[in-house]
Amino acid sequence: MPEPLLGVRDLHAWYGESHILHGVDFEIRPGEMVTLLGRNGAGKTTTLKSIMGIVGRRRGSIRFEGRELIDLPSNRIARLGLAFCPEERGIFASLTVEENLLLPPVVRPGGLGVDAIYGLFPNLRERLRAGGTTLSGGEQQMLAIGRILRTGARLLLLDEPTEGLAPVIVQQIGVTLQRLKREGFTVLLVEQNFRFAATVADRHYVMEHGRVVDMIPNGELDANMNKLHDYLGV
Amino acid sequence: MTILGVPTQALFGQLLIGLINGAFYALLSLGLSVIFGLLNIINFTHGAQYMMGAFVAYFLLQWAGLGYWWALLIAPVVVGITGIALERTTLKRLYHLDHLYGLLLTFGFALIIQGLFRHEYGSSGLPYSMPRELAGGQNLGFMFLPNYRAWVIVFSLAVCLTTWYVIERTRLGSYLRAATENPALVQAFGINVPRMITLTYGFGVGLAALAGVLAAPIYQVNPLMGADLIIVVFAVVVIGGLGSIMGSIVTGFALGVVEGFTKVFYPEASNTVIFVIMALVLLVRPSGLFGRAS
């Protein structure tokens, strides 16, 4: 079994006085696509932000390619080859579509070229001069994913990329994720929609109250459906 | 020859004065806008930093024999570095607080700096002569145009437009604009946002110092030169819309000209016209002529 690309051990995180993560443990191996499932408020988004270094305070251990990230500022973490796509997408209104796409600096060789990104998301090419936030919700999501593919980051942290999108666009994002997996990207995906998650992921970690409480390989998802319904309250 | 009963000589003379004042309004309000956009701080020290630019030019000449052109290069860097020290030691602690705290702190610094200079150099101006190369002027037929004044207008316009270009059209500018909207995300893309903020403050302060060097041969070097000017500049910034780059430049020059013409047609109002316009703009468009409503 290969060494984990990312290993999270006993991760605690706080926003101001509120203690959100209470000792999160999980790991991701190179080339895997792993989801974090759980109810609202379970700590999924906070886990992604903690890995990326954009929460108030954190403690524990986050190792990426054997390097400890817990004390690094987020710009240094990004330079090591991690990239984050936030739930609210984070498209900049004062930047054009093209400027948004070219904003994240290339941190490593091996990222997708701009043409490859337009190949994945042809809509973007037609709107390059438009203001970033004049795009539709689906197009903004494509832009948010597209711009981190350029950077050469090998671990992508995606926070609910399908939230609030039309089924045809969810499908397009699913195709994109499968393509990324084939190209060797490692992905940590936060997803409310576990039916979507099941179409792309290798394994699922379930979070409750700021901890990882279970791990379900994708192949055993059907057998664990009752348990999962319990966890997610659906 | 007269236009609307006013001799053209007087009209163009005031237009020139208006453009000169406008050049200073534009340079100073541009720096304030750049700083406010990224730091969220209303830099009340700006007038004092403008004055410091003029004083550094004066010191360079007195102590080192370095003239105007060297001052134009060195003063913005020196004053910019003092700004960076200020940002690193104090301002950076205020970013998460309301604008009011930054305003109070920078206002306090302005009073301290101006007080120190006034203590040392009194409040009568120190002379600073214009560079030999720009002495004299051109007779344009309808008016006499002093070379130095033409230089101030052209140079400050060039600096303003270059700044606009860098911020609105380059990769570096896209980092700045993006960090103005969402600094945490820009930093999570691998950009050292705290360092960018520090350098931006240094740059804005450097612009103020540059304006101070430009002003030295015209207004002399005076510890209170910035205190008088900065109040008008804040009115300009309010009219243009805080944070808008092109808005600062256009409003700066335009209000200088409006002020100049008011001196011709209704001299009694020339000191207040900008504040009257400010009041009207605040009533109709509180976010300023070029500002985005937030």
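This is a predicted model: local features need pLDDT of at least 70, side-chain atom pairs count only at pLDDT 80 or more; totals for chains, interfaces and linings use all residues.
A residue counts as buried here if 20 or more other C-beta atoms lie within 10 Å of its own, with C-beta atoms placed from the backbone.

**Entry 1: chain B overall**

With the cut-off in hand, I looked up burial in chain B: buried residues make up 47% of its 294 residues. Next I checked the dimensions. The C-alpha atoms of chain B fill a box of roughly 65 × 50 × 35 Å along the principal axes. A compact globule of 294 residues would have a radius of gyration near 19 Å, and chain B has 19 Å, so the two agree. For secondary structure, I found eleven helices and four strands in chain B. I also looked at how far apart in sequence the contacts reach. Taking contacts in chain B between residues at least 6 apart, 77% join residues at least 24 apart.

**Entry 2: the core**

Which residues have the most contacts inside the largest nonpolar core? I found A:Leu157 and B:Leu27, in a core of 155 residues. Helix H1 of chain B, residues 8–39, gives the largest share of this core, with 15 residues. A general reminder to myself: in soluble globular proteins, nonpolar side chains tend to be buried together.

**Entry 3: where the chains touch**

How many residues of chain A are in contact with chain B? I have 18 on the chain A side, facing 14 residues of chain B. On the chain A side, helix H2 (residues 74–79) supplies the largest share, four residues. By class, that side of chain A has twelve nonpolar, four polar and two charged residues.

**Entry 4: a sheet in chain A**

My last stop was an open sheet of four strands in chain A, in the order S2-S1-S4-S5, with antiparallel pairing. Strand S2 (18–28) and strand S5 (67–68) of chain A are the edge strands, each pairing on one side only. Inside the sheet, I traced S1 (residues 6–15) against S4 (residues 57–64) of chain A and found seven bridges in the antiparallel sense.

Methods: Residues are numbered from 1 along each chain as its sequence is written. Chains are lettered from A and ligands numbered from 1 in the order in which they are written. A nonpolar core is a set of buried Ala, Val, Leu, Ile, Met, Phe, Trp, Tyr and Cys residues joined through C-beta atoms within 7 Å. A residue is buried if 20 or more other C-beta atoms lie within 10 Å of its own, exposed if 12 or fewer, and partly exposed in between; C-beta atoms are placed from the backbone. Helices (H or I, at least four residues) and strands (E, at least two) are DSSP runs, numbered from the N terminus. Two residues are in contact if their C-beta atoms, placed from the backbone, lie within 7 Å. Ala, Val, Leu, Ile, Met, Phe, Trp, Tyr, Cys and Pro count as nonpolar, Asp, Glu, Lys and Arg as charged, and the others, Gly among them, as polar. The radius of gyration is taken over C-alpha atoms; the globule rule is 2.2 Å times the number of residues to the power 0.38. Two strands pair if DSSP finds at least two bridges between them.
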